[in-house]
Amino acid sequence: MTDSTPEDRPNALVRAWDSDIAWSFRRSPLAIIAALVSLIIILAAVFAPWLAPHDPFDPGTLNLMDGFTPPMEPNAFTGNVYWLGTDNQGRDVFSTILYGARISLFVGFMAVLFAMVLGITLGLIAGYRGGWLDSLLMRVADVQLTFPSILLALLIFGVARGFIPPAYREAMAIWVLIVAIGLSDWVQYARVVRGATMVEKSKEYVQAARVIGAHPTKILVRHILPNVMGPVLVIATIGLALAIIAEATLSFLGVGVPPTQPSLGTLIRIGQGFLFSGEWWILLFPSLTLLALALSVNLLGDWLRDALNPRLR
Amino acid sequence: MPEPLLSVRDLVVEFPTRRGVLRALDKVSFDIAEGEVLGMVGESGAGKSLTGAAIIGLLEPPGRIAGGEIWLRGERIDNLAREKMRRIRGRRIGMVFQDPLTSLNPLYTVAEQLTETIRTHIDVSEKEARKRAIALLDRVGIPAASRRIDDYPHHFSGGMRQRVVIALALAAEPELVIADEPTTALDVSVQAQIIDVLKEICAERGASVMLITHDMGVIAETADRVAVLYAGRLAEIGPVRDVIQAAEHPYTVGLMGSIPTLTQTADRLTQIPGAMPRLNAIPTGCAFNPRCTRVMDRCRIDRPELAARPGGRQVSCWLYDTAMEAADG
Amino acid sequence: MTTKRLLRSARTGLVMSTAAAALMLTTVAVDAETLRWARVGDALTMDPHSQNEGPTHTLNHHIYETLVGRAVDGALTPRLATDWGISDDDETVWVFTIREGVKFHDGSDMTVEDVVFSLDRARTTPSGMAALHAAVEEVTAVDDTTVHVRMSGPAPLYVQNLTNTFIMSKAWAEANGVETAPNFAAGEEAYSVRNTNGTGPYMLVERDPEVRTVLQVFEDHWDAAPEVTEIIYTPISEAATRVAALLSGEVDIVQDVPVQDIARLEQTDGIRVVRGPENRNIFFSYDMASDSLASSNAEGNPFASPEVREAMSLVIDRNAIQQVVMRGESQPSAAPLPPFVNGWTEEMHAFGDPDLARAQELMAEAGYGDGFSVQLDCPNDRYLNDEAICQALVGMLARIGVSVDLNAQTRSLHFPLIENWETDFYLLGWGVPTFDSQYVFDFLVHSREGSYGAFNGSRYSNPELDAKIEALATMTDLEERDALIAEIWDEVMEERIFLNVHNQVLAYAMRDDINLDVHPENQPRMTTVTFD
Amino acid sequence: MIAFILRRLVQSVIVMLTVALVAFSLFRFVGDPIASMVGQETTLAERAELREALGLNDPFIVQFWSFVARAATGDFGISYRLQQPVMELILSRLPATLELALVSGILAFLFGVGFGVYTALRRGNWLSGSIMTISLIGVSLPTFLIGVLLIWVFAVELQWLPSFGRGDTVYIGDWWRTGLLTESGRASLILPAITLGLYQMTLIMRLVRAEMLEVLRTDYIKFARARGLSNRAVHFGHALKNTLVPVITITGLQMGSIIAFSIITETVFQWPGVGALFIRSVQFVDVPVMAAYLMLIALVFVVINLVVDLLYYAVDPRLRVDRANARH
């Protein structure tokens, strides 16, 4: 990396630009739009503290009397104007969406990461060790696959509640959520990696590595991971969308992040209560954001799957 | 000269890709006479299978016929409407694929697949179709055909399956059978049997065969004439005996180096250094020029056309350019 | 088996006919005599004594009757007892005169024996009503119309405890093996859970818990026939769905209207909303007694400091909560008891404007000038907008540096925290079915011991005050007693054990040709429904 | 075959026991059942008494064993909340959930396969592109929101369909109460079935499309074409049948998901099924009902798995090879 000459960089860029993936991307308007939308939302979420006009997570700055301000109209009591209006706590909907997307994306990314690490590790172990351990892990995977994810998440929440002292529950909620969502999604990674491992491990270089006493798993990791990057990326992309939706669904069931630091799903759950009361903006804007985010990530995943599958090209 | 059964004229097959159009078959022309067995040889990727697919109208998109004509008994078939072409497939041109293990739908019995094919093309009752199917299986050498016809493909061994595939290809009594490497996937021990069955049954029915293979031994034993493909172009075509014994195109000469052992395939041409160019890197002039031991300056500039030679042979090589020869002579 | 089949087909026929009417949706005006009534949850059981719980009593009041009733204004009214009072001879005996000519739904006559049996059943565990009758020593029938209830001591307010104690048939209970209230531990279903035999204005004809309950008018009821002859009672737990059902005309009355939808519903053609104060106040309380708080980073226990408690009372903006969170649908109040209840005063109720500067001063005085962190436990499915109220408080407390982690969860997880002293800071709502302050003191103020202080989550313990509270139970001089109540309240207010938010206001939404008043205990009677 | 089923059954019992253990142990942490069982007046002593009477103070293993022993006979005790036998409660709610799940499953399967086949065969045309994109909306919004929006549009604004409940029901036999035989029952089913089935439809559609594309590239499809079979015969006779083998498996397994996701749909539509019962039971810490529900779900999975295996067996002759070989 460090010894690369300056010329290498543009070359790499040109190569990347020239690659099949980039070409397929340039040819797909849907993928471009999806990528743009995801990127905008992700960036807006990441830079929420700098972009958002208010900090909705700082309760001290909220004025309850600002509540239920319609978009672009001055509040009846305070005269304040908000682009997308305010919710029932006087929180600026626009800022809350940015911060909420931050939470949703954090949960999504971490859940995917958790599932990925767990899945890849177990896949490697199962594929490499084989035998009873492999059978056991795959049976567990089968059962896991049939066991509905939301039930699993509810159960995990139940357990966590038993183990985490009340004082820490609120702070731990987001991590429990991540584990709950991630745990229901590791199987796919494990299967892909296991398959690839089984193929690789019989190859000569692994045998050779064994003979010279090197730890073959290191080599496996180095050789297998690049091979499965494609499918793993596809699973992860779709998984991200699924995790974000799962978080929203769980918040409806009363399992989720605290309302003082709402995710997009929590915002929708809260906004849903205002469907008939006339404050449409509390529901509409978070829902549209979630839809745009999940839809574009899904579309990206779709495109990626087709693009990475040369046989379908 | 009687009208040939199949006549391919200047066939061009192209694949549009993002880096430009790839020409996979470039002006390929040949005939197959009634009852004749034409062998088609060449390295992997030379365009043998594509030729077969183009004839039967099953080029996979985005591949397409970009030029030339295909005539079947005086009827042009390369531009037929899809439905008309479908009626020709199976009924007039049958096809045998390489791998009998994957050619048969695993979810249907042999009987179902046979009668379906027969009844698609011939208006007979289910019962009659089954009778024909059993006879056909019997003919291709399936023992106890009337019992085994109700088995599923996975109940058969590889060789037996290829017999079933042959039966299927011949079920509607086509005039031409395109056999695309019919023995490559099989055990060496059964390869000869399958070729025999194919040859016999076609001869019996007067069907012509286009035998695509890279096994020169099979060609030598089976074919009447042989066509040699290189990088999508026809290098040489002529009666088997002549071509084998006195190959004219330098490529064919190299290829024939593998004949004596008979079992050796032409996949690895150790005799000729280098490899066949990729479709996006075909040199100008003669496609073979970078590897040719007798390359001339002209070979690097002009492309040689297929030209008639004595004894019904045709070669595309500047070595045999009449003008040159005349000049030499 | 044949009877079972017959019953079932009869039931099916009924389901078909009643629901066929429901199916018409809005196209046809619904039969004026059928009332489709929806609320958030169902009665837990049809057994008259098993559960002391609002929705259960509400439904049972249509099927069973109590000795005394409670009017919409909170006053006691005659029901199965035509008259009642403390015996002239013995101040520990309550005398009830029982109504004559009352019939049970099975056609049998109600007798004093049934009254005695019912009161005995209600005060015997595992009855859920037992605590209300803890002071009863003996119930006896004196003659055909008189029942005596002997108390362990003077009990001037005992009759207030009877408004939810139903009278059932002794013979029916014995015939069906339900002489006592159903026992959870028994492991099998009691007959009385889904079958009834009361004297009330309606008979139970179909009971499918949490799905639908159908009541039909009881022709032989002693009182005037109600206009509503059939009630179809449907729990709809989701607020949006409940409102949608009313908007689409699939139900006639919605009892639990989300506050945010009230204004909109009022403007909707064909729908009217009635509202009224509920006998329930909503307040925060905190652990005042522990040395330190489990969920706090503070040195010591900030809630133990009177200055901190005062600062919190100065920073809560009750009017803002009322206007925004409750959409105006609440009565902001500093008094930790509903206004109907004996002991409530205008003085307790009043509160000033928030005073942030003073609150900050007080925090500094208490040594918490930099604030502290603490977890607030809050239910999210029990009271009107409970979670949003807590959220609003979080914002207000942030201004004096109190950083609050909000832990909002379902009621079954929330209440044990209070009962088990596992919360430092919590929200609670309290209804006072006896309409007397003693009920509040017994459960919320008295030290936790014996039957006292079950919901005293503040850990507050004051032996002097405890003695006064205990004295209330047996005082017969009501003036003296009221004075003592005021004395206790002075102390409680002084100590700021409760940070009260408001009294809940109830709203019922209904088809606009229906008249029904809000019941302070949220126990509307469909017998009082009239149609325009 | 019998050995196969036996092996399956043994596996099933192990799965059931595991689920029982997991379910039972998890619920010890969900909350305190006593709190929701008793009123605010109940004294601490009475609470303790009740806790003792319910056996909640027994050692874990004792509680678990008595649970399993009774569960094996179908006795899950009585609901703390509704005071009804749990088994009876669940059986009375099960038909509602099964009808909803089945109708959603069938809808999801039919539309999923239909759209999947269409988008696979007409790859690249605008309609299949639109179907692909629009179907993604179904998985890009949380189910509860879709349900609420459907209620808003079709029940409140248009007033075409009921917003809640099951409509009229009639009994088939002694305990199966169906809404399928009445008009209002069927009308009530539409919105919940769409809500519940949308997600699965998208999944099935995508799966069918991917599998179909895969199958269309196989040699036997090429060979079928080379034999001149009609497009119809090739697409639907050969390609679809082969596509369906994995699709049936996944759809079967998805039935479990459908039943689980009915928790949300049933809550939104006040559908009187086991899902709504379960979530209410969680709120009230009605342990017997929760445990029974989980056991029921496990049982459903086991049964579905078995059925899927048998279906597989019926569809794919290759799996019957064991038997054939065994005879030789």
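Chain D of this predicted model has 328 residues, of which 54% count as buried. Its secondary structure consists of 13 helices together with 2 strands. When we take the contacts in chain D whose partners are separated by 6 or more positions, we find that 70% of them are between residues 24 or more positions apart.

Of the 313 residues in chain A, 52% count as buried, and the C-alpha trace of the chain spans about 80 × 55 × 40 Å along its principal axes. Among the contacts in chain A that join residues at least 6 apart in sequence, 68% are made by residues at least 24 apart.

Chain A also touches chain C, and this contact takes 26 residues from chain A and 33 residues from chain C. On the chain C side, the elements that each supply at least two residues are α5 (239-247), α6 (259-267), α8 (318-325), α11 (386-398) and β17 (402-409). Which element of chain C gives the most to this side? That element is α11(C), which contributes 7 residues. Sorted by class, the side of chain C that touches chain A has 17 nonpolar, 9 polar and 7 charged residues.

Staying with chain C, we can look at how the chain itself is divided, namely into domain 1, covering 45-217, and domain 2, covering 278-505. The C-alpha centres of these two domains of chain C lie 34 Å apart, and the contact between them takes 12 residues from domain 1 and 10 residues from domain 2. The side of domain 1 of chain C that touches domain 2 has, by class, 5 nonpolar, 6 polar and 1 charged residues.

C:D477 lies in the loop between α14 (463-472) and α15 (478-495) of chain C. Is C:D477 buried or exposed? C:D477 is exposed, because 11 other C-beta atoms lie within 10 Å, and a residue counts as exposed when that number is 12 or fewer. From C-alpha to C-alpha, C:D477 is 38 Å away from C:V274, and the two residues are 203 residues apart in sequence.

For a contrasting place we can turn to chain B, where strand β3 (residues 37-41) is mostly covered, with 5 of its 5 residues buried. In a regular strand, side chains alternate between the two faces of the sheet. In β3(B), the residues B:V37, B:G39 and B:V41 point one way, while B:L38 and B:M40 point the other way, and all of them are buried.

The strand β3(B) also has pairing partners, one of them being strand β8 (residues 208-212) of chain B, with which β3(B) pairs in the parallel sense over 4 bridges. In this pairing, B:G39 stands opposite B:L211 in β8(B). Another partner is strand β9 (residues 225-230) of chain B, which runs parallel to β3(B) and is joined to it by 4 bridges. Here B:L38 is the residue that stands opposite B:R225 in β9(B).

Technical notes. Residues are numbered from 1 along each chain as its sequence is written. Chains are lettered from A and ligands numbered from 1 in the order in which they are written. Domain bounds come from an automatic or database domain assignment. Two residues are in contact if their C-beta atoms, placed from the backbone, lie within 7 Å. Ala, Val, Leu, Ile, Met, Phe, Trp, Tyr, Cys and Pro count as nonpolar, Asp, Glu, Lys and Arg as charged, and the others, Gly among them, as polar. A residue is buried if 20 or more other C-beta atoms lie within 10 Å of its own, exposed if 12 or fewer, and partly exposed in between; C-beta atoms are placed from the backbone. Two strands pair if DSSP finds at least two bridges between them.
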